[in-house]
Amino acid sequence: MRRINELEINGFTDLRKSLKPKFRNYGKRPTNCLIKPQPQKKPKMTHIRHQLHRMAELSGNEKHTHDFIAEHLRELCPTHLHTNVGGYGVVAAWLTTHTAPTIALRADIDALPIKETLDKDYISATDGVSHKCGHDGHTAILLRTAELIHSLKPHCNTILIFQPEEETGQGARKILDSKILKQYNIDKIFGFHNLPHYDTGCVVIKHNTFAAASIGMTITLQGRPTHAAHPEKGINPTMAVAQIIMMINQECANLSDNPQAVQATPIHTRIGNIAFGTSAGEAQVMYTLRAWNNCNMTATLLHLENEISKICLQHNLTHHIEYCEAFAAVDNSAAEVETIHRAAQKLGMPIQWIDTPFRWSEDFAEYLKHYKGAYFGIGAGTDSLELHHPQYNFNDEIIEPTARLLVECLS
Ligand SMILES: [Zn+2]
């Protein structure tokens, strides 16, 4: 079993000194020019992150990532290690006593169907699949946290959740449905995401809603096709589609204009098929809806369903509505936000409070329906490319400070 060496467990300040060693010796020339400069060895966790990056796997297919995580955790002697949780999830527990609080920390592990264009020696080995949201980095952070838990032995019971299928919004629910977490009486849970455009290592926090609720809505209208020469003999859904689009546009608003609103983004519309001799007989309209409040979302969906029914009745159409990729809003608890705040202060990390929730969604919200907890952001650097950009790459400099922060949240 490997012991953590002194440099790795020194403080955050010392680690920050080691972030950019190449700048410290700038201007000094080697005294013996015959000595070839040795390629710098990657720090252990950076190497692990690059290995995870290379094995990028889509949501629901994270088998190798799962095995890799489980193998590393086994070396760190958790009291319990659960594999294949809700698919390819891994849950590790370090239990101390029944009286100690139980705190869960969660990282997501899946990649995206995006072709990578990075010029690195660790680019994704799978064509068309890559870590463009930084979940490779999140996994490395939680593995480093596991190392720290193993060496520092915090007083509380700790549960680490390595969650698959975040990108499709299914992983958290599958982990919860597995009932593995039930046996641990979790008191609180923390999750995090790297944030491009924020200073490297800056802790981004917010009370109440941190990220939006969202849902995919598909409205299918069924009429009757007929010959294009006699459209009056069929039931063409085109005018109903137009009315539905206008109605949704009126009922919804951009979140930047009205924080209480539900934002509806049209993503796809189809009427009939490409056949010039046929009057269309069916149609589909698809939207992504977003809100910063779960109640607003539910109320708006009911209202839209009502209005759609009225329009369809008016046009003699039948219809049905399907929903997919539903995410609740990430609703932070006040005490747990304060825990992150205090931990960041103690470590001397920069802190940024934000006023407006993020418009993206996170299935971490599912855990917050069951446990008190908080989600925070960690700055990936102002020069970092956007998440999901084909050239985005996780900033390795934030692995250590984020792991330290998570451990500090356990005290
Ligand atoms: Zn992500």
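Predicted model: local features only at pLDDT ≥ 70, side-chain atom pairs only at ≥ 80, totals over all residues.
Trainee: What are the cut-offs for buried and exposed?

Mentor: A residue is buried with 20 or more other C-beta atoms within 10 Å of its own, exposed with 12 or fewer, and partly exposed in between, with C-beta atoms placed from the backbone. Across the 411 residues of the protein chain, 45% count as buried. As for Glu-322, strand S13 (residues 318-327) contains it, and 19 Å separates its C-alpha atom from that of Cys-295, 27 residues away along the chain.

Trainee: Which domains is the protein chain divided into?

Mentor: Domain bounds come from an automatic or database domain assignment. Here, domain 1 is 42-209 + 330-408, and domain 2 is 213-327. Their centres, taken over C-alpha atoms, are 36 Å apart. Nine residues from domain 1 and nine from domain 2 make the contact, where two residues are in contact if their C-beta atoms, placed from the backbone, lie within 7 Å.

Trainee: How many strands and helices does the protein chain have?

Mentor: Both are DSSP runs numbered from the N terminus: helices are H or I over at least four residues, strands are E over at least two. The count is twelve helices and 16 strands.

Trainee: And how do I read a sheet?

Mentor: Strands pair through backbone hydrogen bonds, either parallel or antiparallel. The cut-off is at least two bridges found by DSSP between two strands. In this model, an open sheet of eight strands runs S1-S2-S4-S3-S5-S16-S6-S15, with mixed pairing. S1 and strand S15 (351-353) are the edges; each has a single partner strand, so one side of each has no neighbour in the sheet.

Trainee: Which pairs show the two directions?

Mentor: For antiparallel, take S1 (residues 80-85) and S2 (residues 89-94), joined by four bridges. His-82 sits opposite Val-91 in S2. The two strands form a hairpin with three residues between them, and Gly-86 in the turn has a positive phi of about 55°. For parallel, take S3 (residues 102-108) and S5 (residues 188-196), also with four bridges; there, Ala-104 faces Ile-189 in S5.

Trainee: What lies across S2, S3, S4 and S5?

Mentor: That's helix H6, running at about 150° to S3. Axes are lines fitted to C-alpha atoms, for helices over the stretch in contact, and angles run from 0 to 180 degrees between N-to-C directions.

Trainee: Which residues touch the most other members of the largest nonpolar core?

Mentor: A nonpolar core is a set of buried Ala, Val, Leu, Ile, Met, Phe, Trp, Tyr and Cys residues joined through C-beta atoms within 7 Å. The largest one has 102 residues, and Val-203, Ile-340 and Phe-376 touch the most other members. H6 (residues 135-152) gives the most to this core, seven residues. Domain 1 and domain 2 each supply at least three. Leaving aside neighbours within four places in sequence, Phe-376 contacts Phe-192, Val-203, Val-204, Ile-205 and Ile-340.

Terms used: Residues numbered from 1 in each chain as written.
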